Amino acid sequence: MEKSVLRDPGFYVMVAIGLAAMLILPVVLDMFTIMQITQYVVLAVFALSLGYIWGFGGILSFGQAAFFGLGAYTFAVAAINIGETTIPLILAFAIPCLFGAALGYFIFYGRLSDVYLGVVTMVVTLLFWKLANHTAGPEYAIGEARLGGFNGIPSIPVMNIPGEPEAMLDPVQMFQVFMGFLIVVYIVLRLLIASDFGRVSIGIRENETRASLLGYDVRRHKLVVFAIGSGIAGLAGAMWATYQAFIDPNAFSMEMSAKALVWVMAGGVGTLVGPIIGVILLQWLTLKLGTMELLNSLAVLGAIMMVLVLALPKGIVPTLRKLIVDGWTLARRKKTGGKADE
Amino acid sequence: MSDWTNILETRGLTMQFGGVTAVDEVDFTLRDGELRCLLGPNGAGKSTFFKCLTGQLIPTRGSVTFKGEDMTGWNTHDIVNLGIGIKTQMPNVFDGVSVYENVRLSSRRKHMAAQAKELAEKTLERCGITHLAKREVGTLSHGQRQLVELAMVLAAEPALILLDEPAAGMTGEERDRLARLVLESARSAAVIVVEHDMVFIRQIAKFVTVFNRGAIFREAMIDEIMADREVQEIYLGKQANVASA
């Protein structure tokens, strides 16, 4: 943890892989695949929001979809009313972030334990889902944007170049911009985690009591971490809304929250790369199994997830990392005749 | 802050759990720079009293003042930020991170990055655990973790150090080192040590407060306490005889 992120080769490797994917994939892959990968990118940003608060702040939220959906609806309503997408994108980060801060205030300053935090976040998601489903009438409109109840909001503007509402992004440009978002979110989170604030957050994750015994205000730290995670989930929601040009109350569904938990758990809690890999692997599997004529693709997917969680309880990335380190140590020991540890 | 004579004072401090009174109307004073040991059998109320001082428990009645400031019912982090260093009964450390990072997180609270680093390194050396700096705390023995926690307390440069059973689970060598560290720390800060280990107590104690049934039973110099038959027989049992043998 002491190693500065700027001296960590892994950080540069990850950013380079991201940049390479952003530039090369559109050249070598067909449009359908690029659009498919764009979906993974959006969901990866969403998974990172949970991966950050859970893995680096010890906050296990069962309702991350609340912020995802809030971001999506904020973006949709603002973009329809404003007629361009730059300010709505900022709002889609800011409003869930503020809502997360307000909710976090009651959770953390109210000293709710982890279990209650999970319950509260889950209930908030269900409330949003219920609320969004009951906005079908024409009276449920914000400016030009009708919320549409369970039918959702159609014709959400496609993302445009800032200041040029007419210059909408084509699917390849959208993929590249979203990859850019993913890379920026990854970099910002890595820097944040390596900062003193991030180190204290990790300390809090490890032992809240000790953190407060050192004089750190645990409540305030957790609130900030939670709000940042909420903002990132909101950003992912906005990306989802503009990618589909449509949003409905399912953005608030428990399924979305549960998927995020599974992606992070499968990829590895306490890493940033893990949630990204979790999304790619499990979404790709979902897609592939869906196209196969299996008895029940969902049951097969569920079985795969169970095997993943049981066989790799720490997740894919931490397990791979351990295997590599152990293999490296063993190889060195063999080479030096058992003196590698000395 | 107002004028003060005693660095720490409690007045009528009471802690009740349902019908049970764990700490009963305790009036306690500690002078600046004093080293005080709190003794007593299990269930005497020492640890509950300690937790009332550190904000881990909010007392039912009474007050706690530090340097003349009433800090009764304050949050732990606010109490710590007044200048109080706390080591709890079970080692409270960050298991998943290195020893150095544990100590640096403490020194960083008051100092800029470069000074915090220097102070963390000095404290590790002072506690004799520099060789463990890169080790993850979760991989250390109980005694080593106790030393890491003490290093975290010392790296914050507190004016008052509260140590709850710091020698528990330590080897003889670690305990001797701890005794030296406590005596050395007492030159620049007031110290309260809650402890059962009589060998350790004899190494460090001068003035001692004996607790029983949630109240202060005796306050005297260690030799007087050790010679007190009532204390020996009722509160310290055979351990006192062994230690003084």
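Student: How many residues of chain A and chain B make up the contact in this predicted model?

Tutor: The contact takes 17 residues from chain A and 21 residues from chain B. To count as being in contact, two residues need C-beta atoms within 7 Å.

Student: Which helices of chain A supply residues to that side?

Tutor: Helix H7 (196–206) and helix H8 (208–213) of chain A each supply at least two residues. The largest share, six residues, comes from H7(A).

Student: What makes up the side of chain A that touches chain B, by class?

Tutor: There are six nonpolar, five polar and six charged residues.

Student: Let's turn to chain B. How do you know that strands E7 and E8 of chain B pair?

Tutor: Pairing needs at least two bridges between the strands. Five bridges join E7 (residues 160–164) to E8 (residues 190–194) in chain B, so these strands pair, and they run parallel. Here B:Ile161 stands opposite B:Val191 in E8(B).

Student: Why do strands E6 and E10 of chain B stand at the edges?

Tutor: The open sheet of six strands in chain B has the order E6-E7-E8-E3-E9-E10. E6 (84–87) and E10 (215–221) each have a single partner strand, so one side of each is left without a neighbour in the sheet. Neighbouring strands are turned by 15° against each other on average, direction ignored.

Student: Which strands of chain B does helix H5 lie across?

Tutor: Helix H5 (residues 142–155) of chain B lies across E6 and E7 of chain B, running at about 175° to E6(B).

Notes
Residues are numbered from 1 along each chain as its sequence is written. Chains are lettered from A and ligands numbered from 1 in the order in which they are written. This is a predicted model: local features need pLDDT of at least 70, side-chain atom pairs count only at pLDDT 80 or more; totals for chains, interfaces and linings use all residues. Helices (H or I, at least four residues) and strands (E, at least two) are DSSP runs, numbered from the N terminus. Ala, Val, Leu, Ile, Met, Phe, Trp, Tyr, Cys and Pro count as nonpolar, Asp, Glu, Lys and Arg as charged, and the others, Gly among them, as polar. Axes are lines fitted to C-alpha atoms, for helices over the stretch in contact, and angles run from 0 to 180 degrees between N-to-C directions.
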